Amino acid sequence: MKNLGIIITLSLVVFFYYFAWGLVFESNGYYNPEALFLIEKSLLALKGNPPRLENIGLIYPPVPFFVLFPFVLFNPFVAPIFASSFFMSLLTAFVVYRILKKNLSFIFIVFLLLILFLNPVILYVASSGSSSYLYLTFLSLFYIFIFEYYERNVSFYLAIAGVFIGFLVFVRYEIVFMLIFWILVNAVLAIETTLEESVSYKNFFELLGRLPAYRQTFIRRMFAIYLMIFIPPIIGFSSWCYLNWLFTSNPFHFINSPYSYFRTLSTYVLYNPTLLELKGNILKSTTYVLQNVLIYMPAYVVLIFVFLRRFFFSLALITPITALIITSYLGLSLMNVDFFVPFIFIAFIAMIYACEKRPSLRRNAVMLVFGMLIFISFFTGYYKLRSSFYPEEKNFAKILMGENLDGLFAEEKKVAEFLKQNTSLEDNILMDDAVAFPIVVFHGEPKNFILPYQYEFISVIEQPAVYADYVVIYNPEKFEGKRDLINQRHQNLFFSGSKDLLLVYSYGNWRVFQSVYRKRILTEK
């Protein structure tokens, strides 16, 4: 009961800590673009025209949307903060439970709280509204349960680890590359959970050849491990393709959709030119990934050497690094905070298991070095946020230092305010929310908008003056504006307007046109 009280208390403290910071950041003008995107899709599912869940277009990744969706019912802007705070408190509960169950020194809880409360990268993940908290939570829990299976040899832990890896496929597709390398890790896991501590690898293979019962036990165990780790993501991916086919007649709609996660890579290359330098260069990719792992969590590489005599642990720690190197080499990853922050928690989790199995590692000197490396990661983590190429990360670093970000999404707020003040509930507003999704969120009434997910969008975009009362478009000279379907169909509309579309509002890169044709018809009535 005492341990339960500690777990609940610490989890609640973590929840309210992140929730409070998230509200403070939002009140000072910070909004995460991904959070706004997910809020908009939730609003369309709840209050769209018509309000149907499949109206979201079966976007990828789906888990961040479905996690956020229930909280949007209460308050759209608070929903991302609440969801991230909740999952971080859940992760805290799992980690604290493992520390207490293993009867480790209380210093581990102190280190955990220092990481949770003082590491700016963790604070970004937990309170910015980005879905990176899901990647951090599920990957950390996967490592907890896979390490627990290694130590206890209980199939339940393996099954739960498989479930979390299944969820990860729907959070970040990059996890697929880790699964490829996990084929080898699974084989090592099967070997090391079959052989006894006194048996070497050489003797193990000799026993396999001499003892049929030993060989059968090993084969059954290896088969079970592969099934439990790979079946959940395979079933999940197949089900997702089936749902896409059911609602869109295209099983790979989530890849081809204009809202696709995969299409954002071309946008982010504009922010981070390093992605182009890494693509196709294995040496640069390796150097870049290792350098960032060291910056975000210096203790991570040290732990790989700690586990040199335990081949499975070393491979398990190397695998996510290798996966990032490959995705970087192929040009398939954004290489932002999302993909490096799990190394902080994985290192901490690995340290728990290292100290449990090897008492010599509990020496004060080792813990002092680990603590020093944790403190160093606070400063290096802030440095990475501050020097980031991505606006949402750089802006978060600014707001941590007390800067006000009221100018963030100022253009979209102004356009939304204009539309709220100058349109009625009966007016139809045409725009492409691949770019304009913040306007829908700040406006708050998606029923007014004609958007690409609606069947009538194609007809309306052909003759906007006939079917729409207002048309909102983004500057086509900007990269995002080139993606706007209205700009693609009416290339000179933004600059020249038309005889039936009158410019009524312009702010920054946005312009709002009113249909003269529909206004005349309404006047005649």
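This is a predicted model: local features need pLDDT of at least 70, side-chain atom pairs count only at pLDDT 80 or more; totals for chains, interfaces and linings use all residues.
**View 1. Packing of helix α9 against helix α17.** Helix α9 spans residues 175-194 and helix α17 spans residues 311-330. Their axes lie 8 Å apart and form an angle of about 165°, which makes α9 roughly antiparallel to α17, since angles over 145 degrees fall in that class. The crossing of α9 past α17 is right-handed. On the α9 side, the contact is made by Phe177, Met178, Phe181, Trp182, Leu184, Val185, Val188, Leu189 and Glu192. On the α17 side, the contributing residues are Phe311, Phe312, Leu315, Ala316, Thr319, Pro320, Thr322, Ala323, Ile326, Thr327 and Leu330. Of the residues in this contact, 16 are nonpolar, 3 polar and 1 charged.

**View 2. Helix α7 and the residue that follows.** Helix α7 covers residues 132-152, 21 residues in total. The distance from its first C-alpha to its last is 30 Å, close to the 30 Å expected at 1.5 Å a residue. Because 20 of the 21 residues of α7 are buried, the helix is largely enclosed by the rest of the structure. Just after α7, Asn153 adopts a positive phi of about 60°.

View 3. Leaving aside residues up to four places away in sequence, Asn448 touches Ser424, Leu425, Asp427, Asn428, Ile429 and His443.

Terms used:
Residues are numbered from 1 along each chain as its sequence is written. Side-chain values use heavy atoms; hydrogens and water are left out. Axes are lines fitted to C-alpha atoms, for helices over the stretch in contact, and angles run from 0 to 180 degrees between N-to-C directions. Helices (H or I, at least four residues) and strands (E, at least two) are DSSP runs, numbered from the N terminus. Angles under 35 degrees count as roughly parallel, over 145 as roughly antiparallel, 65 to 115 as roughly perpendicular and the rest as oblique. A crossing is left-handed if the near helix is turned anticlockwise from the far one by less than a right angle, and right-handed if clockwise. Contact means heavy atoms within 4.5 Å. Ala, Val, Leu, Ile, Met, Phe, Trp, Tyr, Cys and Pro count as nonpolar, Asp, Glu, Lys and Arg as charged, and the others, Gly among them, as polar. The expected span of a helix is 1.5 Å times one less than its number of residues. Buried means under 20% relative accessible area, exposed over 50%, partly exposed in between (1.4 Å probe, protein chains only).
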